[in-house]
Amino acid sequence: MKNKWENANFLITAKKCIDSFLYISKNVLELSNLDLRERTDKLRQIFYINLVNVLDEFYNTPTKKKGIKQNDKIIDRIYYERNKKSAHKDDDYKARIYNTLEEEIQDKKNELLHVKKLCSEVLPDIITIDFVPHDKELFRLVNRLNATLETDANKIKYPNSTFHSYQLSEEGKHVFKEFDTEEQDRRTAKMFRYDYDKVIERYPLQSIDDIKTMSDQEKQRYATIVDNGINSYEGLQNRQDFCIKTNALFDLNMWCKADKQKFEQIEKLKKIGFLDAFEIPHLEILKDAETLEKVISVLSNSNK
């Protein structure tokens, strides 16, 4: 039997497919130069394979699986999509017809929430389903964001972020040797009574699947990393992924959920122009009295 956080990983992976559909729906004109049919077909494949992974964990015998498929049309359709289209390319597959992408999105939301409800026994009680209109890759395409510009954006957003020389590559340690913080970091380690050498030798966990083959001793050599993300939606996705990995690796039970009021506030500030797509504030627009009043109004209402 899988760990509950492994099952949560399947469910949240499926949820992020809906997030991508939501982003495509909002930005279809900006993405018109891409093959959206191929991309959405891939999202459907990932969505149904992961939903069935959760279902198979709960309905784990042929009898149980047959029973739920006979008595639940939604579950029967999910298995149909996985078996006839996502896992195979059957000639007799009959696709559902949707009038709009929004109609399909709502249908998939219903399917996912239905699976979460039915399979609650094999899922952590603490998890929430927070849909956000974001796709990491497509966002970067739409906003012409390459690796260099993303690094620059983060430097602007987080000018006082903590830096340690052990975060650098071996080449970086040589090139930027004047920024060597090892002596200071060793003093900090001694102050807080942890082993500096053991901390910096940890390996970042790439996938929750890697945990299955690890011994307890090997698990102690790994660490989980969380990136803030280019915007608040990605930040939520990253934190939830971080929680899943950390909980599975260290047998914990933490979670991060959406603050919908803050998301609404951020969207309003973007519409005004105070925040850009990367959520970097543009203070120069506050020189306009009318704009300043709008920003103050949004920020004031968020505190009520």
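Buried residues (under 20% relative accessible area with a 1.4 Å probe, protein chains only; exposed is over 50%, partly exposed in between) make up 37% of the 304 residues in the chain. This is a predicted model, in which local features need pLDDT of at least 70, side-chain atom pairs count only at pLDDT 80 or more, and totals for chains, interfaces and linings use all residues. Residues are numbered from 1 along each chain as its sequence is written, and side-chain values use heavy atoms, with hydrogens and water left out.

**Whole chain**

Show the cartoon. The chain has 14 helices and 2 strands. These are DSSP runs numbered from the N terminus: helices are H or I, at least four residues, and strands are E, at least two. Along the principal axes, the C-alpha atoms fill a box of roughly 65 × 60 × 40 Å. Contact means heavy atoms within 4.5 Å. Among contacts between residues at least 6 apart in sequence, 63% join residues at least 24 apart.

**Stop 1: the aromatic cluster**

Select Tyr23, Phe139 and Phe278. They form one aromatic cluster. Rings of Phe, Tyr and Trp (its six-membered ring) pair if their centres lie within 6.5 Å; planes under 30 degrees apart count as stacked, over 60 as edge-to-face and the rest as tilted. The structure holds 8 aromatic pairs.

Start with Tyr23 and Phe139. This pair is tilted, 6.4 Å centre to centre with 55° between the planes. Tyr23 lies in helix α1 (residues 4-26) and Phe139 in helix α6 (residues 136-142), 116 residues apart. Both Tyr23 and Phe139 are buried.

Now turn to Phe139 and Phe278. This pair is edge-to-face, at 6.1 Å centre to centre and 70° between the planes. Phe278 sits in the loop between α13 and α14, 139 residues from Phe139. Phe278 counts as buried because its relative accessibility is 17%. For Phe139 the relative accessible area is 5%.

**Stop 2: α13 against α14**

Select residues 260-272 (α13) and 289-301 (α14). The two helices pack at an angle of about 175°, with their axes 10 Å apart. α13 is therefore roughly antiparallel to α14. Axes are lines fitted to C-alpha atoms, for helices over the stretch in contact, and angles run from 0 to 180 degrees between N-to-C directions. Angles under 35 degrees count as roughly parallel, over 145 as roughly antiparallel, 65 to 115 as roughly perpendicular and the rest as oblique.

Show side chains. On α13, pick Gln261, Gln265, Lys268, Leu269 and Ile272; they meet Thr291, Lys294, Val295, Val298, Leu299 and Asn301 on α14.
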